[in-house]
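This briefing is intended for reading alongside the sequence and the three-dimensional model. The points are grouped by topic.

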Amino acid sequence: MTSRTSLPSWQKLTAHAEEMKQQHMVDLFAKDSERFSKYSIDTSQFLFDYSKNVMSDETHALLLNLAKECDVEAWREKMFTGERINKTENRSVLHTALRNHSSTPTIVDGKNISEGVQKALNHVKAFSDKVRNGEWLGYSGKRITDVVSIGVGGSNLGPQMVTEALNEYANDEIQVHYVSNVDGTQVANVLRELTPETTLFIVSSKTFTTSETMTNATTAMQWLVASSFNKSAIAKHFVAVSSNKEKATAFGIEEENIFDMWDWVGGRFSLWSTIGLPIAIYLGFDYFVELLEGASEMDYHFCNTPLESNAPVIMALLSVWNTTFLGSQSQVILPYDQSLHMLPAYLQQAEMESNGKSTSWDGKQISYTTVPALWGEIGINGQHAFYQYLHQGNTIVPADFIGSVESLIPVDNHHDILMSNFFAQTQALMQGVTEAQVREELTAKGMPTEEIDKVAPHKVHKGNRPSNTILMQKLTPKALGSLVALYEHKIFVQGILLQICSFDQWGVELGKGLANNIHAELTDNKISEHHDSSTKGLMTFYKKNQIS
Ligand code: F6P
């Protein structure tokens with residue numbers, strides 16, 4: 001298999017990157033008054049402006065050549081038609097089938113999987129309606145007031161990010177809580193506030209083997225049984241979302257209370273599936289459908305828009321440009337929207353678990369930097385924490401700014417103030433301020449020259465720091481669905497460009513296996529001699545200082 005580095009476009013981009021490192025975006029904007037209109041895309045749900053990247057027309061053309069030489073369009077076709085592109089697990093990748101609202105069903109290996117998807121959706125609708133309208137009752141005949149979703153990683157982040165983002169759309173008659181951490185503090189804090197008779201647990205685990213989730217589910221079950229003194233209560237208070245029916249029933253969950261999941265949906269792409277049950281219960285099924293529709297609109301854009309104006313393709317190309325060619329090591333996600341506070345954490349799993357790898361499809365070691373470390377925070381809070389580093393630090397961190405024209409809850413002039421900061425920050429990162437400008441400004445203020453000499457170097461901002469801006473009309477279920485699908489497809493294309501299998505996660509297995517062994521040793525109080533001296537020393541200290 002040809003390695004990416006031998007592609008003509010790759011080699012040209014490598015050389016071109018050296019030239020572009022000498023360019024400043026201020027000059028690129030000055031030279032081209034059309035830059036914004038050329039380098040922004042209006043999708044049905046938002047405006048995507050990528051003009052504030054260190055990129056020229058030549059860069060743009062070379063990047064598009066890279067996409068073509070990497071056969072992005074052919075790979076896209078393979079994914080949507082169910083080819084087993086998850087090579088290391090021999091699976092199809094079909095989260096897009098979960099939001100396929102076209103009249104053409106998704107057929108895989110001669111099987112119509114859209115029928116199963118529809119059946120599962122009907123199950124979600126029927127169940128969420130019953131819980132919401134009070135038909136589904138707890139063991140003592142009372143309606144459900146609280147839902148606790150137990151799951152981790154992809155079985156937690158998607159539903160939690162969405163319910164928190166869209167809580168303005170909920171009627172709050174039912175509260176949803178999440179337990180993901182095996183740290184008992186979390187489950188204890190959640191249960192402390194709840195009444196067993198009116199609490200419903202959703203155990204979300206594709207595999208139903210994840211030890212943290214099973215531990216939390218067992219604790220929840222004991223809590224319920226201790227209150228009801230009756231095991232039959234479990235059927236009224238426990239449902240599961242899993243592709244492993246056998247394990248879920250063995251755990252004690254009634255078969256009719258198990259919601260289907262499939263191996264062709266990766267955990268971090270699963271919020272559109274029955275894993276979205278907490279979303280449907282909290283917001284109502286109609287809003288869940290709107291979320292799917294928004295994603296479906298992005299699927300349509302991704303499949304039907306030429307590469308040069310295809311938002312996820314451009315986003316992926318820019319990520320590779322900034323990271324692999326220009327040398328950035330991290331990327332920051334900055335939502336200027338309180339409701340999107342969990343988006344950075346969600347995208348961390350989506351991108352880093354997908355493409356944080358260093359082996360190519362054919363098992364060879366990759367020589368180039370693959371994906372950046374993703375991090376982020378609500379914009380305004382970040383401004384008063386780490387933006388100093390973004391503006392004047394020694395490393396360049398490309399940023400994604402995400403905001404809306406309309407506020408979810410308009411309060412006086414708050415939104416204009418928020419968005420003024422949003423626009424100002426992308427401008428400041430791009431333009432910076434030169435020493436000459438600093439001096440001019442300080443002189444105009446009447447500062448003595450010797451003081452200016454001292455302070456001026458500290459006030460210089462080099463600028464030339466790249467950012468993308470995503471501007472929605474308003475954060476609606478549809479817009480959010482589209483936004484998440486934009487990132488999903490970006491990640492897919494990024495994987496293709498970097499020659500990475502984006503849909504496995506072998507890198508999380510090593511630690512899991514070791515933790516199981518260590519747990520057994522801690523329980524039996526038999527610390528193995530085979531550990532390195534640090535691990536053994538730490539375990540011994542822990543055991544010695546435990547208060548039994
Ligand atoms: O440990 C990583 C992981 O396998 C994720 O990929 C997944 O989202 C999460 O664990 C939870 O897995 P499950 O849904 O099978 O409990």
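Predicted model: local features only at pLDDT ≥ 70, side-chain atom pairs only at ≥ 80, totals over all residues.

In which strand is S40 found? S40 belongs to strand β1, which covers residues 40-42.

**Domains**
- The domain assignment of the protein gives domain 1 as 4-69 + 305-431 + 465-498, domain 2 as 96-289 and domain 3 as 506-544.
- Between the C-alpha centres of domain 2 and domain 3 the separation is 33 Å.

**Surroundings of S40**
- S40 has a relative accessibility of 17% and therefore counts as buried, the cut-off being under 20%.
- A polar atom of the S40 side chain lies 2.6 Å from the backbone oxygen of F36.
- When residues up to four places away in sequence are not counted, S40 touches L47, F48, D49 and Y50.

**Surroundings of S128**
- S128 is part of helix α6, residues 113-133.
- Its relative accessibility is 0%, so S128 counts as buried.
- With neighbours within four places in sequence left aside, S128 is in contact with A280, I281 and F285.

- Strand β12 comprises residues 399-404, and because 6 of its 6 residues are buried, the strand is largely enclosed by the rest of the structure.
- In a regular strand, side chains alternate between the two faces of the sheet.
- Both faces of β12 are covered, with A399, F401 and G403 buried on one side and D400, I402 and S404 buried on the other.
- Strand β10 (residues 330-335) runs parallel to β12 and is joined to it by 4 bridges.
- Within this pairing, I333 stands opposite D400 of β12.
- Strand β13 (residues 467-472) also runs parallel to β12, and 6 bridges join these two strands.
- Here A399 stands opposite S467 of β13.

**Packing of helices α1 and α14**
- Two packed helices are described by the angle between their axes and the distance between the axes.
- The axes of helix α1 (residues 8-20) and helix α14 (residues 311-325) come within 11 Å and cross at roughly 70°.

Methods. Residues numbered from 1 in each chain as written. Heavy atoms only, no water. Buried < 20%, exposed > 50% of the residue type's maximum accessible area, 1.4 Å probe, protein only. Polar contact = N/O pair within 3.5 Å; in protein donor to acceptor, adjacent residues only side chain to side chain. Contact = heavy atoms within 4.5 Å. Pairing = 2+ DSSP bridges. Domains from an automatic or database assignment. Axes fitted to C-alpha atoms, helices over the stretch in contact; angles between N-to-C directions.
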